[in-house]
Structure formats: structure tokens, C-alpha cells
Amino acid sequence: MKLQVAMDVITLDAALTLAAQVAPHVDIIELGTPLIKAEGLRAVTAIKKAHPDKLVFADLKTMDAGELEADIAFTAGADYVTVLGTAGDSTIIGAVKAATAHGKGIVVDLIGVSDKVTRAREVTAMGAVFVEMHAGLDEQAEPGFTFQTLLDDGEASKVPFSVAGGVNLTSIKGVQRAGATVAVAGGAIYGAADPAAAAEELRAAII
Ligand SMILES: O=C([C@H](O)CO)[C@H](O)[C@H](O)COP(=O)(O)O
């Protein structure tokens, strides 16, 4: 299982600092949606330039203009770009077309999708490299939220999946047991007093 850091910081300087701290311990470096909205795709270019040996994940959460948005993110240096599972099939198919042209991958984020298992299978058939079983920051704060549902849906889907939204030192072993391809950790790393140590501990937990 790969480890992905989700950088939900909002300046490029903070992202470059965080990426330098954690890069030795992670496989994939994600630029979170707030960071891309604040700094633009130049942040993707800067992170890829600083870490050419890492997979760079641009969390665009595209909902329309799939081919165009994915194309500009791949051109900026992304290896993975996210499209929302709630988008229409034509948006996902367009984004996959751009990924194929660049030799890169589309990840479909299932945030807000009620039947994640069915949609996971549909978008994988359309060419997504993996789906993201994701509970966003707001959903995690809602009463009754259960992390286990993400793992159950991933396991039931029988397609390659990542898990995002509440991955930490306590939950990451369950993510691995569920068969995830990637564990995504945001707050557990960038919110730690020592992000490098936090990333190193997460890595050690899944080896
Ligand atoms: O994708 C995310 C969210 O939509 C804001 O961009 C987060 O990166 C993801 O949910 C990670 O969550 P935590 O690990 O719980 O910080």
C-alpha cells in the first residue's frame, strides 16, 4: 500500500516546506483543493520540480470540462488528477482521455456519492486508475460519521481504491487490511508538531 500526504495548506511556501519534510516517507504528494485554489496550478509545477521522483497528485475535484481541466493539470506536472464521482460520465471519460494522452492517471473522488460501491465500479470501467473512498473534512465533523463505512465500501467495490478522510496512526492498519491501494493522510501529518516524524510513523505502521 502506498502512502499519500494530502497537503491542505494554503500557501506554496508552506507546501514546499511540508513536502520537503515528508517526502522521504511518502510515495504520493497531494496538493489539496484549497492549496490549488489559493495558489493555482503553478504550485503543482513547483512541487513536481522540487520532487521529480515523487508522484504528484492534483486534487482538482473536477465537476465539468473534464478533458480541459485534466489536460492543464497534467501539463503543469501532475501525475494524478481527481474528478468527482458525482460528475457526469462524459466528464470522467473526457478526463481519462486527457490522462491517456499524457500517460498519467485519473482518480475519481467519491466524496458525496451515496452508493460508492456502484459508482466505483462504473468509473473504473471508464478508465479511472483508482477511486478514492473519501469523507471530506466537513463530513468527518458531522454527527454519526463512521470511518469504517469507507473501508467496507472499498472492500466491497472489488476495484482499486484509496481511503481519505480520517487516516491516522490508529486507523491506517485497517485501511491496509481492507485492501486499499493508497492511504491518504492529511491532518495526521500536516497537523502534527513534527510532520516528518508523523509521516515516518505512518509509513512504519504499514510496512
Ligand atoms: O481531500 C480532502 C479535503 O477534501 C480537503 O481538500 C482532504 O485532503 C482529505 O479529506 C484528507 O483528510 P484528513 O486526512 O482527514 O485531513
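Which feature does UniProt place at residues 2-202? The unreviewed entry lists "domain: Orotidine 5'-phosphate decarboxylase" there; such annotations may be inferred rather than shown by experiment.

## The model and its domain

This is a predicted model, where local features need pLDDT of at least 70 and side-chain atom pairs count only at pLDDT 80 or more, while totals for chains, interfaces and linings use all residues. Residues are numbered from 1 along each chain, and side-chain values use heavy atoms, with hydrogens and water left out.

Across residues 2-202, the chain is 47% helix and 20% strand, counted as DSSP runs (H or I, at least four residues, for helices; E, at least two, for strands). The end C-alpha atoms of that stretch sit 11 Å apart.

## Around the ligand

There are 16 residues around the ligand, and D8, K61, H134, G186 and G187 come nearest (a heavy atom within 4 Å counts as near). By class, the shell has five nonpolar, seven polar and four charged residues; charged means Asp, Glu, Lys and Arg, and Gly is among the polar ones. Elements giving two or more residues to this shell are α2 (33-39), β3 (55-62) and α7 (137-140).

Now for the polar contacts (N or O pairs within 3.5 Å). The side chain of D8 puts an N or O atom 2.6 Å from a ligand oxygen. For H134, a polar side-chain atom lies 2.7 Å from a ligand oxygen, and for G187 a polar backbone atom is 2.8 Å from one. The protein buries 93% of the 410 Å² that the ligand exposes when taken alone (Shrake-Rupley method, 1.4 Å probe).

Notes: A polar contact is a pair of N or O atoms within 3.5 Å; within protein, one must be able to donate a hydrogen and the other to accept it, and residues adjacent in sequence count only if both atoms are side-chain atoms.
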